[in-house]
Amino acid sequence: MNLLGLAEPRLHKEYASVMLTVAVPVVLQNLISIGLNLVDVLMIGRLGVNELAAVGAANRIYSIFGMICFGLISGFSVYIAQYWGLKDIKSIRKVYGLALTSMLSVAMLFILLATFAGRQLLALFLQDQAVVELGLQYLNIAMFSYPFMAYSFCTGFSSRSIRRLRGATIINALALLTNTLLNYSLIFGNFGMPRLGVVGAAIATVIARVFEFIMLAAYVYISREHPFAGRLSEIFTFSKTLTHKVFSTTLPVLVNESSITLGITLFYVTIRYLGTEALAVMQVSMVINDLFLAIFFGVGNAVAVITGNELGRGQIDRSYANGKLALKITLLLSLITGGLLLASRGFIVRIYDFDVYTSALLSQVLLVRALFTPSRMLVYVLIVGLLRAGGDTRFCMIVDAGSVCLIGVPLAFVGTLILHWQLPAVVGLLFSCDLVSLVLCLWRFRSKVWIKTLI
């Protein structure tokens with residue numbers, strides 16, 4: 001049965017090969033990152049609910065930074081992927097340099113915000129001043145990791161568009177393992193280290209990100225033929241024409257991700273009225289959810305790379321046929337993944353060993369996340385993997401940001417502040433916007449108007 005009403009495409013050997021080449025390393029990167037983040041959350045959770053909520057609030061600021069960077073690099077990667085289809089290394093280096101300049105600028109902006117308004121930002125998510133102070137201790141140190149994370153994020157994500165992921169994946173894994181080992185040592189005072197609690201977690205983050213930056217830069221420049229290993233004049237000199245062309249595609253993606261980030265931030269501001277337990281549950285459930293959905297980040301990125309490379313070579317029909325296949329794969333995988341999350345939530349709750357109320361809350365939120373997995377992941381692959389890769393960034397901005405900010409977040413506000421519903425129901429209201437996005441994005445995909453060659 002054709003569940004999406006899509007014609008049955010032919011699976012080309014090259015398509016399967018490229019899908020695996022890109023998707024598997026991205027999935028491994030995300031599994032390693034999310035898995036170790038899960039361990040970190042578990043470690044901090046052992047300190048107490050207040051510490052977990054404090055670090056979770058501080059990481060919301062990083063998440064905003066990360067989402068803006070994701071918006072930038074998603075737009076730039078459309079060009080990197082299409083230029084890679086033509087093997088235009090000179091243009092790739094200039095787009096990469098433009099992306100790196102933009103993301104480092106954002107990193108410095110967030111350091112300034114954390115320095116001069118950190119307490120006020122944390123107070124948006126936390127009501128208890130003692131918890132705010134804990135979060136501030138973490139933020140005042142962790143913010144120095146932002147420029148190094150910007151470089152690593154830009155280089156790692158851009159590597160996906162040129163299909164060179166092995167080195168970046170290994171370095172990312174080493175950095176995250178370092179972070180986990182340092183967390184274990186500095187949070188609890190193991191291996192002769194001082195017991196520093198949340199401060200130790202922040203120090204571990206900075207050290208690990210500096211290590212990752214050094215290793216990644218060395219990897220790129222060890223072999224001069226690497227597409228990103230250009231001279232500074234090659235990377236950081238770009239014309240007004242190129243800048244305008246790239247930003248005309250990138251800005252809608254940036255506005256899209258920034259709007260969603262603003263909406264989700266307002267959602268977190270709202271759920272603070274549900275108590276510190278609600279924020280702690282959201283922190284845990286988000287990491288668990290990302291662990292289960294890591295495969296879709298790989299599929300989405302692989303589809304984006306394949307689509308961009310094919311459009312760069314002018315293969316319009318093949319891009320559309322492969323897109324249909326990607327959606328069928330996504331639907332099948334999302335049903336399986338949602339079922340696995342649903343079946344394992346009892347085990348997950350027992351791992352964290354919260355009190356009875358918080359444990360019940362976590363179980364219910366995981367249930368909601370499992371039920372919305374198919375719609376959320378189909379939308380993700382449609383927007384990130386297909387429509388954006390075809391250059392249809394303005395439509396994506398209107399649908400994605402509009403559904404979150406005009407439907408999901410307002411409904412969550414009503415559920416929390418007017419109807420006084422509990423966290424699981426409020427999360428369900430937030431995710432309901434994906435159903436609207438799914439209908440609109442499927443219609444757009446089938447219209448084929450999203451398919452564009454930008455270079």
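Biologist: Is the crossing of H10 and H13 left-handed or right-handed?

Modeller: First, the ground rules: this is a predicted model, where local features need pLDDT of at least 70, side-chain atom pairs count only at pLDDT 80 or more, and totals for chains, interfaces and linings use all residues. Residues are numbered from 1 along each chain as its sequence is written, and side-chain values use heavy atoms, with hydrogens and water left out. A crossing is left-handed if the near helix is turned anticlockwise from the far one by less than a right angle, and right-handed if clockwise. The crossing of H10 and H13 is right-handed.

Biologist: Are H10 and H13 roughly parallel or oblique to each other?

Modeller: Helices here are DSSP runs (H or I, at least four residues), numbered from the N terminus. H10 (residues 276–292) and H13 (residues 356–371) pack at about 40 degrees, with their axes 9 Å apart; axes are lines fitted to C-alpha atoms over the stretch in contact, and angles run from 0 to 180 degrees between N-to-C directions. Under 35 degrees counts as roughly parallel, over 145 as roughly antiparallel, 65 to 115 as roughly perpendicular, and the rest as oblique. H10 and H13 are therefore oblique.

Biologist: How many nonpolar residues are in the contact of H10 with H13?

Modeller: Contact means heavy atoms within 4.5 Å. H10 contributes residues including Val 281, Met 282 and Ile 288, and H13 contributes residues including Leu 361, Leu 362 and Arg 369. Ala, Val, Leu, Ile, Met, Phe, Trp, Tyr, Cys and Pro count as nonpolar, Asp, Glu, Lys and Arg as charged, and the others, Gly among them, as polar. Besides three polar and two charged residues, the nonpolar count is 11.

Biologist: How are H2 and H9 oriented to each other?

Modeller: H2 (residues 49–85) and H9 (residues 240–271) pack with their axes 8 Å apart, at about 150 degrees. The crossing is right-handed. Their contact divides into 16 nonpolar, nine polar and three charged residues. By angle, H2 and H9 are therefore roughly antiparallel.

Biologist: Which backbone oxygen does the side chain of Ser 102 reach?

Modeller: Ser 102 is found in H3 (residues 89–123). Ser 102 is buried, at 13% relative accessible area (buried is under 20%, exposed over 50%, partly exposed in between, with a 1.4 Å probe and protein chains only). Not counting residues up to four places away in sequence, Ser 102 touches Leu 72, Phe 76 and Phe 247. At 2.8 Å, its side chain reaches the backbone oxygen of Leu 98.

Biologist: And Thr 307: which backbone oxygen does its side chain reach?

Modeller: Thr 307 sits in H11 (residues 294–312) and is buried at 3%. Beyond four places in sequence, Thr 307 is in contact with Ser 319, Gly 385, Leu 386, Ala 389 and Trp 450. The side chain of Thr 307 comes to 2.7 Å from the backbone oxygen of Val 303.

Biologist: Is Phe 191 buried or exposed?

Modeller: Phe 191 lies in the loop between H6 (166–188) and H7 (198–222). Though not a glycine, Phe 191 has a positive phi of about 55 degrees. At 61% relative accessibility, Phe 191 counts as exposed.

Biologist: Where is Lys 87 placed?

Modeller: Lys 87 is not a glycine, yet has a positive phi of about 55 degrees. Its place is the loop between H2 and H3.

Biologist: What is the relative accessibility of Val 131?

Modeller: Val 131 lies in H4 (residues 129–142). Setting aside neighbours within four places in sequence, Val 131 is in contact with Asn 50, Ala 53, Ala 54 and Leu 126. Val 131 counts as buried, at 1%.

Terms used: Helices (H or I, at least four residues) and strands (E, at least two) are DSSP runs, numbered from the N terminus. A polar contact is a pair of N or O atoms within 3.5 Å; within protein, one must be able to donate a hydrogen and the other to accept it, and residues adjacent in sequence count only if both atoms are side-chain atoms.
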